[in-house]
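Welcome! Take a moment to look over the sequence and the 3D view, and then let us walk through some features together.

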Amino acid sequence: MTSPTTPAGKRVLSVRDLTVTFQSERGPVEAVRGVDLDLYAGRTLALVGESGSGKSATATSIIGLLPPGARARGEVLLDGQELLGLDDRRMSAVRGRRVGMVFQDPLSALTPIFAVGRQVADAVRVHSKVSKQAAWRRAVELLDLVGIPRPQLRARDFPHQFSGGMRQRVVIALAIANDPDLIIADEPTTALDVTVQAQILEVLEVAKAETGAAVLLITHDLGVVAGHADEVAVMYAGRVVERAEVGELFATPAMPYTLGLLGSVPSPEATRRLPLVPIEGEPPAPSQRPAGCPFAPRCPLVRDDCRDKEPALTEIRQRHDVACVRAADVLGRRPEDVFARAEEPAVAPAPAAGPVLRVNGLGRTFPVTKGAVLRRRVGTLQAVSGVSFSIRAGETFCLVGESGSGKTTTLLEILRLRPPESGTVEVLGVDVAGLLPAPERRRLRQAVQIVMQDPQGALDPRLPVFELLAEPLRAAGYAAEATRDRVVEVLDLVGLPRDSLDRFPAAFSGGQRQRLTIARALATKPRLLVLDEPVSALDVSVQASVLNLLARLKSQLGLAYLVVAHDLAVVRHIADRIAVMYLGHIVETGGAEELFAQPRHPYTRALLSAVPIPDPERERSRERIVLRGEQRSAANLPAGCVFADRCQLRPTLATDLQELCGTRRPLLEQSGGTTVACHAV
Amino acid sequence: MVRYVARKAIGWLAMIIVATNATFFLASWFLDPRSNYRELRPVRTEDQIAHALAPYGLSPRWSVVHRWWYWLSGVVLHFDWGHSPTGVPVNSEIPRRALVSGQLILLGVVASVVIGVALGVYTASRQYSLADRATQTLSVVLFNVPTVVSALGLVLAAVWLNQRVGTTVLHVAGANTAGVDGTWATILDRANHLILPTVNLTLLGYVGWHLTQRSLLLDALGADFVRTARATGLTRTQAIRRHALRASLIPTATSVAFTIPAVFTGAIITETVFGWEGMGRYFTETIAKNDVDGVVAVAAFGAVATAVGAILSDVATVVLDPRVRVS
Amino acid sequence: MTATLPTGSLDGPLDAPPGARVDVPPPLRLGRLRLYARRFARNRSAVVGVIIFVLLVAYSVLGGLFTPWDWSRQDFLALTQPPSGSHWFGTNQGGNDIYAQSVHGLQRSLVIALSVSVLTIVIAAVVGAGAAYLGGRVERWALALIHFLLVVPSFLILALVSNRVSGDWRVLIPLLTVFGWMFTARVIWSVSTSLRERDYVLLAEFMGVSRWRIVLRHIIPHLGALLIVNFTLGIVSTVLAETSLSFLGFGVKTPDVSLGSLLADGSGTITSAPWLFAFPAGLLVLLTVSVTLIGDGLRDALDPTSMVGGRA
C-alpha cells in the first residue's frame, strides 16, 4: 500500500487560493488564507492541523455548508465546475450526489426522530427518482456495506438505539448513498474509542474502494494520517505550510512546524522514555496572527526576514511543497536537532514507604431504572468489579480501557474517600472505610488530588487565579500568610508567571489553563495525583510540554500518579505500570515495558494493534487485529469471560476451552511478564 | 400508541379525582353557605338556616366528611353535582355553561398554538430580519398587557368600529343574540359573538408559543443533524422543513397541557368582560355566593379541560416522535 | 464512563482557540459591576425601561403632592367628569379623583408586586437549589409538589381564599407568594442541577471544600443573574395576577383601590367614561412593559455569552 510517485486517478477537485472570512466581534477574521489543494480519484488527502488552523473551514466551504456570515473566495472546481458562489438550490444538487461528507460527532449527526433506514433511503431519493421500496432496499444494502449487522432489521431502529461507532457507520452510508466522486471526512474518529476507530477507518477504506472517490481526510492524529493518507497537507494559522506524499512527509519534513509536530507526538512503539520535544508556545488566535510567518514566534530556526514576509508555498523537491525560508536547513534533520529537548528529569530517590494507594476488590454498581413517575429497578449495572492495584510513591500507574470499561468510575470511587460499595481503599496505609478523626480525614483528603480532562470546566470562570489556587489551601486550614506563600510557590512550580494571580481563567490559553489545574492540585502537597485524561483536551503541539511538566514534577516531588488515558501512545510515554480494563474488570496488568512488548490477553493485543503509529512504513506493514462488534452493556455481564463474545482467540481454541470461556470467568494469574485473566494463556 | 395514551389518560383521571375532591374540602373550609341566609330579612336563626341547607347536603351540623360523602355519593351514583345554597341544582347550570366555555377555551388554545407556532417558525427562519424584530417587539408588549386591559381595549375598539359603520359588525356582549332563529342565522350569530373573546384569548396565548417555538427552532437549525441532512443534498429550506421543524415541535406539543390552567384563568376574565354565561362567570358567581358545590364543579371542569389538553398533547407527541412508540 | 473526546481538536467552523474569548472579566469586583452597568447602558430599550420605571415609582410616591385631592375623598360637585384642570384624570361615579386614586392604586400594586417578588424568589431559590443539592427523595418530592401546583387551578384557590379574607391587601402578599414560586423554582432547580455537575464543583468537593462554601462560592454567584432576572419576571406576573383578582372582585376591594380594582370600576362605563379605564390601564401597561425591558436588559448584561450586550 505504499503510495505511488505519480497520482494514478484523474483529478476530481481542485481548490485554488481559497480564503474564508468569518465575521467576529472584532471584525472580519480570515480562518483560511489562500489554500490550494488537489484531490485525485481513489486517493486520500489528509489535511492535518491543530484547532484554529482552518482545516474544518476549508472542508465546509468546499461542500458549501459554511455558517451564515462566513464568506469563501477563490476557486473550488469539482470536475471543472465552479462550486463557490452556487446558490443553495444548485449546490444541493452537488451535495450528497457528487460530494459526500462524514462529520465528527456521530451522536448528534443523525436526526433523532427518523429510523436510520429511512434517513439513508431519503438520502438516496434526494438525487434519484426511485420508488420508496427501491430506496429502502438500497438503504439496507448500504447499511450492510458499512457493516451494520442484520441490516434488514436494524434499518427500522432509531439513532438512539445505536452506539457511537454504529452511528458513524450510518453517517458513512449517508455519505456514499449516491456514489459520490469526493468524500470529505471531518475528524471522523475523534469521538470514538481506538478499537472502534480502527473499524471506522476500515469502513472508510471500503467506501473509498466501492465508490472510487477521492477522500479528503481531516484529522489531528498523525497516526491516522500515517495509516490512511496518500498525500498530506499540513495547515497552520489558515494556510497550508507543507504538502507532500505521506512517506516523504514523515521521512523528511521540511517545515519546522511539521518537524515539531512529529517530535511532540509520543510513539506507542518507543522503547526508551526520553522527554518529548515540545514546540514552545501555542498556535495564534485567528484574530491575533503576527505579521510575517505565523509560526515565527514558536520557531527555533527563526530569522529576521521570517517576521517581515509570510513565505509562499514553493516546491523544494518533486511533489513536496513547503512554505518556509529555512526549508533547506530543516530537510533531513530530526526534531531533537532543531527543537530543544526538555531536560531529562533526575530520578528522585524513591521514598521507601509503603504504597500511597492500595485498592482491593473494589466494586461499584448502579441501578438501572425504568419509568418516569414510579421508578422501578429493572437491573443492575456492574460498572466496576473486583478491581485491585496499588501505587507506590514515584510511580505512574495507568488505567487503560475504552469508554464504558469502568476506569472513570474507579477513579471517582477512590477520590470520594468514603467506604466503597465493596472492597477496600487504603490511602497512605489508612483504610478510608474506618472511623477516622476529622484531622486524619483531612490529611488523607490533601494527600489525594485530581487533574481533570477539561481545564476550562475545572476552573470556576468567576474566580481569579489567586482565589482558585487558595481554595484548596483554605479548605486544608492554611493561614492567610501561608496561603499566599504557597500560591506563589505552586505558580512557580508549573512555570506560570506571577502576574497571573489577578487574571481570570478565560485570559489563559488551553495549555496554560491545564498548568493552572495542575498547580491547584499540587497546592496542598499531595502524595498521589489522579490524572483523568490530562492532555486529551489539548492540541498536539501543547500536549508535549504538559507531559514533560508532569514528568518533571513527579521526579521533583516524588509524587505517585494514577492516570486514566485513552491515548495509548501517551500511556506508553508516561506509565510505569498499566492495568487494562474491560467491562469493569482488569483483564491484564503489569509493567509498561512488558505489557507493550508482549501483551498476553487477547483484548490487550487487539487494543495495542488498533493504536495507529505515526510512521507510514510501520503502520502499513504491521499486522493488525480489528475486533468485531462492540463492548456489551455492563447491565448484563456474561457468566464467563467478559471478553468472550468479541475474543479473536476463542474461535481458534479447543471446544472444551471455548466452553470454559463461556461459563467461568477467568481470574488474574501471573503469566510471563504480566498478570492476565484469560483461560487460554 | 393506544396503550401509551391510555396509560397517560388513567394518570390524568386520577389527577382530576384528586383535584376535585381537594377543592371540595378547600371550598368547604373557605366558603360559608350560611351567609346567603344571614342577610335575609326577617333574620333567621341558626337552626332555621341549618334546616334550610340540609336538603342540599350543606347542613353546617354535618361534619365536613359527612358533607363530602353526601356530595361524592351524589356525583358517583347519580352524576348529581349538588345544589347551590339556595337550592339551584348545579346540573342545571353546567351543560350549557361548559359548552360555552369549552368552545371558547378550545378555540383560544388552538388559535394561540397555531398562530404562535406559525409565527415562531416564520421568524426563526428569518432571524434578525425586520419581520422578526417587529413581531418580537409586538409579542413582548402584548405579553405584558393584562387580560383585563386587552379585553376592554377590544371592546372599545369594537364599539368604535360599530359606531363608525353604523351597524353592529362585532358583538361585544353575550354568547348569542336573543330571538335569532334558523340554523344558519344561529350559527352565524354565535360565531360572531365568539370572535372578540377568542381574539382576546389568542392575543394573550400566542405570545408564549411564538417566543418558545422561535428559540426551539433556532436551536434545531444549528443542530448537527440538520447539517447532515443538507450534506445529503437537501436545500436549507427542505432540511428545515423535513428535519428541524418536526424535531422542534416535540417539546411544544408536550407543553400544551401546562398552559390550560392559564388559559382557563384568561377565560374567566374574558367571560366577565364580554358578559358570557360560561364556566368563568359561574366561577366568580359561585365564589361570591358561597356556593361550595358550584365551585367544585368549576374546579372539575378546569381539571377536565387540563386533562383533555394533556391527552391531546400526548397524542401529538406520539405522532411527532416515533421514539415514544418504540420504547 | 466518559467519552474521551479531545476537545482541543474540535475544529469548529469558527476555529477560535479556547483562549480567544472576548469577554474577559476584569480583575476587580467593582470593575465587574461597572462592566455590567456599561453593558446594560448600551441596551437602549433597557434604559428606556429604567426611566419609565423610575418615573412610575416617583409618581406613586410623590404624585400625591401635586393634587389637593385625596384618593378616598369624594367631590360631590364633580361626578363622572372627564379630565379637567381640577381633576387631571377626571372623576368617577362617586366623585373620586382618578389621578389621586391612580397614585394610590399604583402604590398598592407596586408594594404587593415587589414584596411578592422578593418572597417568591427566596422560596424558589431555597426549594429549587435545595432540591438540586440534596437530591434523592427530597428532590423527588419537591419536584412532585412543584408539578402538582403547576397543574392545579391555583387561580381558583387564590380567589377562594382572598374572597374569604375580604379584600385586605396585605393578605394578598402571602397568598400570591404561595402560588407564585413554582415556576421560578423549577427553572432554578434545572440550572442548579447542571451547576452541580460542573467539574469545578466536583473538584472543590474532592479538595475538601465544605458543602456550604461550595454553594456560596461556586453556585450562588452563577445563579445571581438568573435570580435577578426572575425577580423582574416575578414583578410582572404578580402585577398581572393581582390585577385579575382585583378586577373580579377577589383581591383589593372597595374602599381600598389598586390598579386592578380601578379597571373593574372603569370597565362598566368604558364607552361613556373611557378615562376611568384608560389611565389605570395605561399605567399598568407602562409598569409591566418597563419591568420586562429592564429584565431583558439585565439578562443580556449579566450573561457573558449573550451577543446582544455587544462587546465589552
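A crossing of two helices is called right-handed if the near helix is turned clockwise from the far one by less than a right angle, and left-handed if it is turned anticlockwise. In this predicted model, helix α1 of chain B passes helix α13 of chain B in a right-handed crossing.

**Two packed helices in chain B**

- Two packed helices are described by the angle between their axes and the distance between the axes.
- For α1(B), residues 2-30, and α13(B), residues 292-320, the packing angle is about 160 degrees and the axes lie 9 Å apart.
- Because angles over 145 degrees count as roughly antiparallel, α1(B) is roughly antiparallel to α13(B).
- Where α1(B) meets α13(B), the contact residues comprise 21 nonpolar, 4 polar and 3 charged ones.

- The size of an interface is often given as the accessible area lost when the parts come together.
- Between them, chain B and chain A bury about 2,100 Å², and 64% of this is on carbon and sulfur atoms.
- On the side of chain B, the residues that lose the most area to chain A are B:Arg227, B:Thr232 and B:Arg323, which together make up 26% of what that side buries.
- Counting by residues, 22 of chain B are in contact with 27 of chain A.

**A serine in chain A**

- You can find A:Ser92 in helix α2 of chain A, which covers residues 88-94.
- Is A:Ser92 buried or exposed? The relative accessible area of A:Ser92 is 6%, so this residue is buried.
- Leaving aside residues up to four places away in sequence, A:Ser92 touches A:His127 in chain A, along with B:Gly233, B:Leu234 and B:Thr235 in chain B.

**An enclosed helix in chain A**

- The buried residues of α11(A) include A:Pro256, A:Tyr257, A:Thr258 and A:Leu259.
- Also among the buried residues of α11(A) are A:Gly260, A:Leu261, A:Gly263 and A:Ser264.

**Chain C at a glance**

- What secondary structure does chain C have? Chain C has 11 helices and 0 strands.
- Of the 312 residues in chain C, 52% are buried.
- Among contacts in chain C with a separation of 6 or more, 70% are between residues 24 or more positions apart.

Notes:
Residues are numbered from 1 along each chain as its sequence is written. Chains are lettered from A and ligands numbered from 1 in the order in which they are written. This is a predicted model: local features need pLDDT of at least 70, side-chain atom pairs count only at pLDDT 80 or more; totals for chains, interfaces and linings use all residues. Side-chain values use heavy atoms; hydrogens and water are left out. Buried means under 20% relative accessible area, exposed over 50%, partly exposed in between (1.4 Å probe, protein chains only). Helices (H or I, at least four residues) and strands (E, at least two) are DSSP runs, numbered from the N terminus. Axes are lines fitted to C-alpha atoms, for helices over the stretch in contact, and angles run from 0 to 180 degrees between N-to-C directions. Angles under 35 degrees count as roughly parallel, over 145 as roughly antiparallel, 65 to 115 as roughly perpendicular and the rest as oblique. Ala, Val, Leu, Ile, Met, Phe, Trp, Tyr, Cys and Pro count as nonpolar, Asp, Glu, Lys and Arg as charged, and the others, Gly among them, as polar. Contact means heavy atoms within 4.5 Å. Buried area is the accessible area (1.4 Å probe) that two parts lose on being put together, summed over both.
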